[in-house]
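Open the model in your viewer and keep the selection panel at hand. Each stop below gives a selection and what to look for there.

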Amino acid sequence: MAWIALVISGLLETAWAIALDRSAGFTRPVPSAVFAVTLVLSMAGLAYALREIPVGTGYAIWVGIGATGTALVGMIALGESASLPRLLCLLLVVAGVVGLKIYH
């Protein structure tokens, strides 16, 4: 259950990062509220997962999922560059997350 919570929390990190961008410095109420709710849920899930998963492993996986998800949303939905070097770097992040899970 801890690993499921960690993955969901990483996905929620993606949601709060995108909502933070869309909030325009907290001047737009709906994205600001989405940011606040997803941030709290993401942190709560991370805290729950860290009861069973070592902090170094859990935090690195949480950040990796969130960073990769945010970058992918940026490329797919927000028109950010999807260059080959950028995609290869994201692949390295994913490989690191998978490696941490395998060697946990």
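**Before you start**

This is a predicted model, with local features requiring pLDDT of at least 70, side-chain atom pairs counted only at pLDDT 80 or more, and totals for chains, interfaces and linings using all residues. Residues are numbered from 1 along each chain as its sequence is written, and side-chain values use heavy atoms, leaving out hydrogens and water.

**Stop 1: helix α1**

Select residues 2-22, helix α1. Helices here are DSSP runs (H or I, at least four residues), numbered from the N terminus. α1 has 21 residues and reaches 30 Å from its first C-alpha to its last. That is close to the 30 Å expected at 1.5 Å a residue; the expected span is 1.5 Å times one less than the number of residues.

Now colour by accessibility. Buried means under 20% relative accessible area, exposed over 50%, and partly exposed in between (1.4 Å probe, protein chains only). Which residues of α1 are buried? They are Ala2, Ala5, Leu6, Ser9, Gly10, Glu13, Thr14, Trp16, Ile18 and Ala19. An α-helix has 3.6 residues a turn, so residues three or four places apart point the same way.

Next, show what covers these buried residues: the cover includes α2 (29-49) and α3 (55-77).

**Stop 2: α1 against α2**

Two packed helices are described by the angle between their axes and the distance between the axes. Axes are lines fitted to C-alpha atoms, for helices over the stretch in contact, and angles run from 0 to 180 degrees between N-to-C directions. α1 and α2 pack at an angle of about 155°, with their axes 8 Å apart. That makes α1 roughly antiparallel to α2. Angles under 35 degrees count as roughly parallel, over 145 as roughly antiparallel, 65 to 115 as roughly perpendicular and the rest as oblique.

The crossing of α1 and α2 is left-handed. A crossing is left-handed if the near helix is turned anticlockwise from the far one by less than a right angle, and right-handed if clockwise.

Show side chains at the contact (heavy atoms within 4.5 Å). On α1, the contact residues include Leu12, Ala15, Leu20 and Arg22. On α2, they include Pro31, Phe35, Leu39 and Tyr48. By class, this contact of α1 with α2 has 16 nonpolar, four polar and two charged residues. Ala, Val, Leu, Ile, Met, Phe, Trp, Tyr, Cys and Pro count as nonpolar, Asp, Glu, Lys and Arg as charged, and the others, Gly among them, as polar.

**Stop 3: α1 against α3**

The axes of α1 and α3 come within 8 Å and cross at roughly 40°. That makes α1 oblique to α3. The crossing is right-handed.

Pick out the contact residues. Those in α1 include Trp3, Val7, Gly10 and Thr14. Those in α3 include Gly58, Trp62, Gly66 and Gly69. The residues of this contact of α1 with α3 divide into 12 nonpolar, eight polar and one charged.

**Stop 4**

Select Ser23, in the loop between α1 and α2. Ser23 is buried, with a relative accessible area of 0%. Leaving aside neighbours within four places in sequence, Ser23 is in contact with Arg28, Pro31 and Ser32.

Step on to Ala24, in the loop between α1 and α2. Ala24 counts as partly exposed, at 43% relative accessibility. Most residues other than glycine have a negative phi. Ala24 is not a glycine, yet has a positive phi of about 55°.

Then select Phe26, in the loop between α1 and α2. Phe26 has a positive phi of about 65°, although it is not a glycine.

**Stop 5**

Select residues 84-102, helix α4. α4 has 19 residues and reaches 27 Å from its first C-alpha to its last, close to the 27 Å expected. Leu90, Val97 and Gly99 are buried in α4. The buried residues of α4 pack against α3.

Bring back α3. The axes of α3 and α4 come within 9 Å and cross at roughly 155°. α3 and α4 are therefore roughly antiparallel to each other. Their crossing is left-handed. The residues of the contact of α3 with α4 divide into 12 nonpolar, three polar and two charged.

**Last stop: Ile102**

Is Ile102 buried or exposed? At 56% relative accessibility, Ile102 counts as exposed. Draw a C-alpha to C-alpha distance to Glu13: Ile102 and Glu13 are 22 Å apart in space and 89 residues apart in sequence.

Note on methods:
Helix = DSSP H or I, 4+ residues; strand = E, 2+ residues; numbered from the N terminus.
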